[in-house]
Amino acid sequence: MNRVEPRRLAIWLPAVAIAATIFAVSSQPRVPTVGFSAALLPTVGHLVAYGSLAVALMVSLERTGLAVPRAACLAVAGATLYGFSDEFHQSFVPGRHADPLDLLVNAIGAGTAVLLLFWFRKRRAIVHRARV
């Protein structure tokens, strides 16, 4: 039986931590608004949460040796699928409900974050080449 190296498992810790945080927050009957508009906070929260998850998944997949385009596609798909499962989970939480619009926002957040990561990396490479 092959042993998995702790370093290879550690690659996935950020993505697992973000997914666990999403699950914990969606398990709450009410999410505190902390001074934000009650209508704006859920949308921004979904964009940030699923964007962060997609970026963490992409970086983890790249570190396992997957090519960048494939890692990006799998990361967006993985974050979106996790969003689907989370919406289903919320349908069982008192005071919460599943919302197809939230799933769309999750996918938009994941895709946008991965595109921003591509843009940031390309810009950083251009700036680095200009300095050398």
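These legends walk through a few views of one predicted protein model.

The model is predicted, so local features need pLDDT of at least 70 and side-chain atom pairs pLDDT 80 or more, while totals for chains, interfaces and linings use all residues. Residues are numbered from 1 along each chain as its sequence is written, and side-chain values use heavy atoms, with hydrogens and water left out.

View 1. Helices here are DSSP runs of H or I with at least four residues, and strands are runs of E with at least two, numbered from the N terminus. The C-alpha trace spans about 55 × 45 × 25 Å along its principal axes.

**View 2. Here is the largest pocket, with a volume of about 720 Å³.** A pocket is an open set of points on a 1 Å grid over the protein atoms alone, where a 1.4 Å probe fits, with protein on both sides within 12 Å along at least five of seven lines; lining residues have an atom within 4 Å of a point. The volume is the space filled by probe spheres set on the points, which are joined across faces, edges and corners. Of the 25 lining residues, Val 25, Val 31, Pro 42, His 46 and Arg 96 sit closest to the centre. Helix 3 gives the largest share of the lining, 8 residues.

**View 3. Phe 88 and Phe 92 make an aromatic pair.** Rings of Phe, Tyr and Trp (its six-membered ring) pair if their centres lie within 6.5 Å, and planes over 60 degrees apart count as edge-to-face, under 30 as stacked and the rest as tilted. This pair is edge-to-face, at 5.0 Å centre to centre and 80° between the planes.
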